[in-house]
Amino acid sequence: MQIVEKAPAKINLGLDTLFEHSNGDKEWDMVMTSVDLADYVTLESLPTKRIEVITDSGFLPNDRRNLAFQAVSVLRRHCHVEYGVRITIKKAIPVAAGLGGGSSDAAAVLRGLNRMWSLGLDLATLAKLGLRIDSDVPYCVYSQTAHVTGKGEVVTPLPKLPPMWIVLAKPKISVSTPNILRQVDYEQLESHLDINELLTGIQQQDFTSIFANMGNVLEPITSKRYPEILQIKQQLLKFGADAAQMSGTGPTVFGVCRKRSRAQRVYNSLKGFCKEVYLVRPVNLNED
Ligand code: ATP
């Protein structure tokens with residue numbers, strides 16, 4: 001049997017952290033959405049207990065360091081099964097970019113194996129299991145616009161975003177997520193976002209309010225080390241994006257535009273600055 005699952009990239013329209021739990025995990029307050037830049041994860045049954053991971057990227061591990069491999073282990077343990085599987089990942093999402101590629105691959109494995117092995121788990125259970133892999137996996141299980149809180153496991157789906165276009169620009173640097181998160185100093189965080197206003201903007205499909213309340217409190221930390229992030233943000237705004245900011249822990253920066261013609265202009269202009277630029281739209285995994 002063979003199953004193919006789409007694993008879309010995510011971006012953070014709002015990213016805030018409120019405090020640190022005693023075990024070092026962050027308390028998040030985020031608004032996330034998925035975009036139509038996606039990896040494809042193919043799952044095939046194996047007659048043994050083996051877990052095989054094959055990717056078309058030379059940089060990625062194919063053993064238990066791969067988040068897709070970890071998803072199989074977590075699911076097998078939870079369901080007390082020992083089926084074998086071959087996972088073939090066709091990567092399109094840049095790695096270590098702040099776009100949640102590894103988390104989305106892991107979430108795709110959870111969804112796909114749940115079907116392939118007829119486990120009957122609901123999305124909420126898969127999301128809870130996903131938290132054992134990475135804080136972005138619960139969101140990626142849903143891959144639809146959502147308010148994400150807790151350590152990442154409280155995912156509240158939101159209405160679809162009003163139509164918009166997004167230009168993603170990834171500078172040629174790789175950012176270590178743990179390294180950035182270690183530098184968060186809660187006393188120094190300049191200001192918190194008004195996530196409630198952002199949520200209201202989405203509920204009311206109000207572009208002005210969405211654009212005005214977007215933000216990422218990690219942007220000053222990553223861009224202090226990598227100033228090119230702010231340069232790209234300035235370019236996105238200069239060429240006409242309605243709002244622009246870093247995604248996740250970076251380094252990808254994105255600009256949002258209401259109009260396609262404007263987004264195309266921003267995309268064309270950014271191509272001169274940055275090798276990896278994508279013109280995408282928000283997607284909801286289960287609707288589009
Ligand atoms: P996050 O912000 O969730 O930490 P990211 O979006 O910045 O992640 P990823 O592309 O998920 O970045 O990669 C982060 C790390 O995870 C990399 O060091 C990579 O080697 C490792 N990794 C493990 N499995 C995968 C996978 N299937 N795809 C991409 N990266 C993976």
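Mentor: In β6, Val155 is the bridge partner of Val148. Keep that pair in mind for later. First, a caution: this is a predicted model.

Now the core. The largest nonpolar core holds 70 residues. Those that touch the most other members are Leu43, Leu75, Val85, Ile87, Val109, Leu113 and Leu236. Nonpolar side chains tend to be buried together in soluble globular proteins.

Take Leu75 as the close-up. Set aside its neighbours within four places in sequence. Leu75 is then in contact with Leu110, Leu113, Asn114 and Trp117, and also with Leu119, Leu121, Leu126 and Leu129. Leu113 is itself among the core members that touch the most others.

There is a second, separate core. It has 26 residues, including Val31, Val35, Leu99 and Leu158.

Next, the pocket. The largest one has a volume of about 1,100 Å³. Strands β1 (2-20) and β2 (26-46) each supply at least two lining residues, as do helices α2 (101-116) and α5 (177-182).

Strand β5 (residues 146-150) and strand β6 (residues 154-157) run antiparallel, joined by four bridges. Three residues sit between the strands of this hairpin. Gly152 takes a positive phi there, near 120°.

Terms used
Residues are numbered from 1 along each chain as its sequence is written. This is a predicted model: local features need pLDDT of at least 70, side-chain atom pairs count only at pLDDT 80 or more; totals for chains, interfaces and linings use all residues. Side-chain values use heavy atoms; hydrogens and water are left out. A nonpolar core is a set of buried Ala, Val, Leu, Ile, Met, Phe, Trp, Tyr and Cys residues joined through side-chain atoms within 4.5 Å. Buried means under 20% relative accessible area, exposed over 50%, partly exposed in between (1.4 Å probe, protein chains only). Contact means heavy atoms within 4.5 Å. Two strands pair if DSSP finds at least two bridges between them. On a 1 Å grid over the protein atoms alone, a cavity is a set of points where a 1.4 Å probe fits but cannot get out, and a pocket is an open set with protein on both sides within 12 Å along at least five of seven lines; lining residues have an atom within 4 Å of a point. Grid points are joined across faces, edges and corners, and a volume is the space filled by probe spheres set on the points.
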